[in-house]
Amino acid sequence: MPGAAPPIYLDSNATTRPAPEVVEAMLPLLRERFGNPSSLHGFGSRVRGEIDRARERVAALLGADPAEIVFTSGGTESIAGAIRGALALGRRRGARRVVTTAVEHPAVRAAIALAVEAGDAEATVVPVDAGGALDLAALERALGPDGRDVALCSVMWANNETGILFPVAEVAALCRARSVPLHVDAVQAAGKVAIEARGAGLDLLSISGHKLHGPKGIGALYIRRGLGLPPLQPGGGQEGGRRGGTENVPGIAGLGVACALAAEHLAAGGPERIARLRDRLEARLLESCPGARRNGAADAPRTGNTTSLRFPGVDGAGLVLELSREGVAASSGSACASGSLEPSPALLAMGIGPEEARGALRLSLSRETTEDEVDRAAAAVAGAVRRLGRIERRHP
Ligand code: PLP
């Protein structure tokens with residue numbers, strides 16, 4: 001539409017725009033430097049260094065050793081491989097239980113469900129409280145006194161819907177005391193909070209390129225040295241035999257640059273700047289929309305970029321469509337499952353009723369978000385909530 005204001009992107013937990021530096025790093029590797037890094041000739045050797053450099057950059061962001069980083073096709077593959085591999089390791093010592101939480105991403109839930117259906121695992125799901133905080137005492141009970149039958153504990157660092165952060169260091173201490181391997185889904189945490197995988201005593205940690213201004217279809221799994229995880233994928237010995245398949249060199253290089261930029265952003269206090277914008281947006285909406293509620297406790301630690309609100313009497317999916325017409329990209333708390341809009345399991349797990357959960361709206365900012373965008377989005381959301389609320393009251 002000529003003259004129309006540019007759209008406002010507030011759905012950064014779904015995906016982010018690849019940074020210009022990321023695209024610049026990838027283009028020559030798609031155009032001219034297309035060699036297979038395993039080739040002995042110059043085409044191969046000219047790109048091998050790209051993988052090494054990217055591995056160093058990813059390791060630096062995660063507080064890991066480069067040798068502990070394996071490139072994958074994204075968060076979902078890293079997670080599935082971590083869970084499958086840890087269960088295989090557990091089987092060797094007669095441990096088959098997975099301890100996880102009620103608010104995990106479908107990538108974690110589905111990988112565990114698959115193992116349970118196949119008869120390879122049992123799951124113990126730890127609840128969260130009404131504010132979204134992890135019940136650490138319940139997690140400790142779930143691990144048992146010695147954790148002997150537990151093959152894996154898998155928890156997310158930052159929730160994709162509410163941004164709420166789990167106390168990973170405390171979970172790690174509980175796991176370490178029982179020698180239970182810990183996997184952390186850090187897909188929504190990387191680039192937003194400082195990560196020290198080694199220092200925190202984590203065994204496995206998953207990240208995804210497209211959530212931190214990198215490309216889609218690339219991710220990484222941190223595997224603590226000495227863990228002995230079986231290969232994620234059999235094949236030609238790539239990734240030190242840990243994941244077969246010709247490497248996605250442009251994606252890997254892009255992820256490396258994205259991680260280097262994320263490290264700079266963290267060091268420069270970027271997340272605090274974003275949190276101030278998020279707080280401004282959230283405060284305006286809570287003020288201007290009668291009955292609006294925050295999903296999660298006001299004092300729950302959370303990533304600075306995310307706000308999740310609910311507007312009673314307003315359908316979240318309808319609100320997202322209305323906002324899209326107004327040029328604001330947001331997300332509802334509903335997951336589109338088999339054609340029906342189901343309320344989000346994560347919000348239900350916080351004790352929010354299905355009707356109220358259907359009124360959820362997630363707005364997620366990025367380092368590109370400006371104050372002007374936040375102010376325009378606040379006005380657009382308030383207007384859309386008012387209109388939809390009126391229609392809903394007339395046609396309940
Ligand atoms: N884990 C969390 C917390 C996520 O938010 C996502 C993506 O939405 C994933 C895992 C899956 O990552 P990917 O899209 O790279 O497969």
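How far from an oxygen atom of the ligand does a polar side-chain atom of Thr 76 lie? The distance is 2.5 Å, which falls under the heading of a polar contact (a pair of N or O atoms within 3.5 Å; within protein, one must be able to donate a hydrogen and the other to accept it, and residues adjacent in sequence count only if both atoms are side-chain atoms). The model is a predicted one, in which local features need pLDDT of at least 70 and side-chain atom pairs count only at pLDDT 80 or more, while totals for chains, interfaces and linings use all residues. Residues are numbered from 1 along each chain as its sequence is written, and side-chain values use heavy atoms, with hydrogens and water left out.

The shell around the ligand holds 13 residues (each with a heavy atom within 4 Å). Thr 76, Asp 185, Gln 188, Ser 208 and Lys 211 are the closest. By class, the shell has three nonpolar, eight polar and two charged residues (Ala, Val, Leu, Ile, Met, Phe, Trp, Tyr, Cys and Pro count as nonpolar, Asp, Glu, Lys and Arg as charged, and the others, Gly among them, as polar). Helix α3, residues 75–92, gives the most to this shell, with three residues (helices are DSSP runs of H or I of at least four residues, strands are E runs of at least two, numbered from the N terminus).

The ligand sits in the largest pocket (more than half of its atoms lie within 2 Å of the grid points). On a 1 Å grid over the protein atoms alone, a pocket is an open set with protein on both sides within 12 Å along at least five of seven lines, a cavity is a set of points where a 1.4 Å probe fits but cannot get out, and lining residues have an atom within 4 Å of a point. The largest pocket contains about 570 Å³ of space (the space filled by probe spheres set on the points, which are joined across faces, edges and corners). Among its 34 lining residues, His 105, Pro 106, Asn 160, Lys 211 and Arg 362 lie nearest the centre.
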